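Me: I would like to learn how to read side-chain features in a model of this kind. Could we go through them one after another?

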Amino acid sequence: MSETKPTVMEQIAAFIVDKRNLLFLMYILAIVFCFFSMRWVDVENDITAYLSEDTETRQGLTVMDKEFVTFGTAKIMISNISYEHAQVIADELKEIQGVTKVEFDHTIDHYKDASALLSLTFEGEEDDPISMTAMNEVRDRVSSYDTSISTSIGVNLADQLAREMQIIIVIAAFIIIVVLLFTSKTYGEIPVLIITFIVAAVLNMGTNFLLGKISFISNSVAVVLQLALAIDYAIILCHRFSEEHEQLPTREACIIALSKAIPEISSSSLTTISGLGALIFMHFKIGEDLAFVLIKSILLSLLSVFTLMPGLLMLFSKIIDKTSHKNFVPSINIVGKFVVKTRYIIPPIFLVILVLAFIFANKCPYVYGTTDLRAARRNDTQIAADRIKESFGTDNLVALIVPSGDYEAEGKLLNKLESYEQVKSTLGLANTEAIDGYMLTASLTPRQFAELIDLDYEAAKLLYSAYAVHDEAFGKVVNGLSEYGVPLIDMFMFLYDQVDKGYITLEDELMDTLEDLNNNQLTDAKLQLMSEQYSRMLIYLNLPEESDETFAFLETIHDEAAQYYEEEVYIVGNSTSNYNLSSTFGMDNIIISILSALFVIGILMFTFKSAGLPVLLILVIQASIWMNFSFPYLQNTSLFFLGYLVVSSIQMGANIDYAIVITSRYMVLKKSMPIKEAIIEALNQSFPTIITSGAILASAGILIGQITTDGTIASIGVCLGRGTIISMVLVMFVLPQILVLGDSIIKRTAFAERKQAPLQKASRKLYVSGRVKGYVSGIVDADINGVITGEVHAMFDSKEIRQEEPANDRKEFECYEKN
């Protein structure tokens, strides 16, 4: 360290290095805490929970969760079986405790091509123990047959996803170690890097509970993306330490390296953080969730690099010194020479590709639902669902929620909807049979009711009188009771309530009928289809979950419902969710594209002090984004919209660092050599950093895309891996030509040109802050912040040049500004 007074940054670095044992203790305590706090993290597995509160789907789901019960269901396809044998199995499954209904008949909806499809309904919801117990017994009963079972009961997708991510992390760790072995200068660095990352990852996972509930997407990909996005910071500090340690002892080298790395790493992280920050402004709140988790992971990685890693470098310094090895990274001067020779060829080709990529990316076939997403790998549940879909098709079910109480309007609306060819079937109170062909909402007089259940007419009249009093219809009791019609569901529930309270006694046969009716149609219908405020109708569509025709028909349903209800009605289902997501995608896309570009441009303008240079860099990265999302169009494959939004922000925020590395080195080197030589050397110096970071991020994305079975996460991984590779190629083979050809633009758009002046020979004292190249009792080409005493004849590129002459020997000191 210099004899001059340490800078503030050096003082901070010295404190961190000297107090490393205290910091080690604090990190150990934090890690122990995080191992416990990981269990407190609440994970949301339903992506629709992040829809905006003003969307119809979100409002409808809130009503459904509060007002209705949705029983667990399962579809079981048994292949290579006769209809008679399948009927026997259906009857056996119906006897299992917890199974309330088994739908099976000889129609093509349930039996086709020697395959039987059994639709089961359970007594409880899908997470109810009685449903899970019953489902386990069902699995045991059909295990000897060729079956495909599609159900969410007893299937913990979160645990399965966690296991997949553990595999990804292990493979990613292996790849990272191989990359670091190839690009490092000493093997002793590797354990330092690994420990630093593991600590940062544990801290991030252990503090996720502070964010409340996080999505399964953030919970799954955060660790891998944190590793890929933030490992650069640790590598930068390692390289700084190695450089300083060549001249300085371990402690001093660590202090100087940290003092230089803190501003450099902090500046580098800003582009990544700003790109992720754009996700916060999405209408679809999954972006905000991802942004907070990933930004927190970046900040904790910075904290670990700045406060833990220096101590680890001190701890492993002897091993680092002993395990030095030759540089395995080859020189790529040949690439630089190729770039210079093709500077008039590649840029025009790039512009043509840029235009085509823009056109193709805007034709990208986006999807907004997860049902038809296909990952490279499929789990057993997904394979079963695919087999059932191939044999029997799929049901597109939407729920229509309307104000309760008007059974007549419900019946008319259901009849109207069933008249459309787009509707396969409907289910509601008005078309659910109660007994002997009468529907639950059929309005019966006392005589009709008495005949239906074989009840004495006088007893029926007394029952109706009691109901009228209960319903405060006192006029009916006095006059017109014989014509008083009461919906069956209301009368049956009133009768059962009176019997249950002991006010009415029925004959055994009639009581058995009432008990059976209550335990089946009445209770289930009330829980599923009716509440005090709302009624729910189930509509099965002959339409795909996602298409323009489907979205248009949702509006038709609204129009039909508006003829019977003045109050607001809700349509809930995968189709409405997809429609809501598609309607917000355009705005979210614009927000992320503009904000991420503006944030990054602002940081680059501050970094390079130029208005033109950031535009050139953004042009290259934006081109990589458009090229990345041209592939789905060219391959005729669908792309999940969230993959585009997330990956485009990561590409803009993180991959721009590769361009910054080359540009920074080029801007420095061109001051002391011709620009052609400067760009060749800049590429050569930048290659180890770019190949290390890019290989890790690309590998992480590819692993996620190829190993996970979740289509949402797989789409993010595939796009991330492909986008990173494209960014690396453009940065290495296109950006250099753009920098060379655009050098005049860079100069003309610079905010301020520092003055350069040749100084005549003189013996005097100069205060200098800036770059000096020339003779100062020897040749100097360096950044200097201090005092030069002696004979000076040099070129200055300095913020400040101040001359101090002895009082008894004042001579004129000439300085000429270079034009």
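Reply: Let us begin with a salt bridge, meaning a side-chain nitrogen of Lys or Arg within 4 Å of a carboxyl oxygen of Asp or Glu: here the side chains of Lys 747 and Asp 743 meet in one, at 3.7 Å from N to O. The model is a predicted one, in which local features need pLDDT of at least 70 and side-chain atom pairs count only at pLDDT 80 or more, while totals for chains, interfaces and linings use all residues. Residues are numbered from 1 along each chain as its sequence is written, and side-chain values use heavy atoms, with hydrogens and water left out.

Me: How are Lys 747 and Asp 743 separated along helix 30?

Reply: Helices are DSSP runs (H or I, at least four residues), numbered from the N terminus. Lys 747 and Asp 743 are four residues apart in helix 30, and are therefore separated by about one helical turn.

Me: Is Asp 743 buried or exposed?

Reply: Buried means under 20% relative accessible area, exposed over 50%, and partly exposed in between (1.4 Å probe, protein chains only). Asp 743 is buried, with a relative accessible area of 7%, whereas Lys 747 counts as partly exposed at 48%.

Me: Where does the salt bridge between Asp 18 and Arg 251 link the chain?

Reply: The closest N and O atoms of Asp 18 and Arg 251 are 2.9 Å apart. This pair joins distant parts of the chain, with Asp 18 in helix 1 (residues 8–18) and Arg 251 in helix 9 (residues 250–277), 233 residues apart.

Me: How many residues does the largest nonpolar core have?

Reply: A nonpolar core is a set of buried Ala, Val, Leu, Ile, Met, Phe, Trp, Tyr and Cys residues joined through side-chain atoms within 4.5 Å. The largest one has 156 residues, and those with the most contacts inside it are Ile 217, Phe 284, Phe 641 and Leu 642. Its largest share, 19 residues, comes from helix 8 (residues 216–245). A second, separate core has 44 residues, among them Ala 450 and Phe 492.

Technical notes:
Helices (H or I, at least four residues) and strands (E, at least two) are DSSP runs, numbered from the N terminus.
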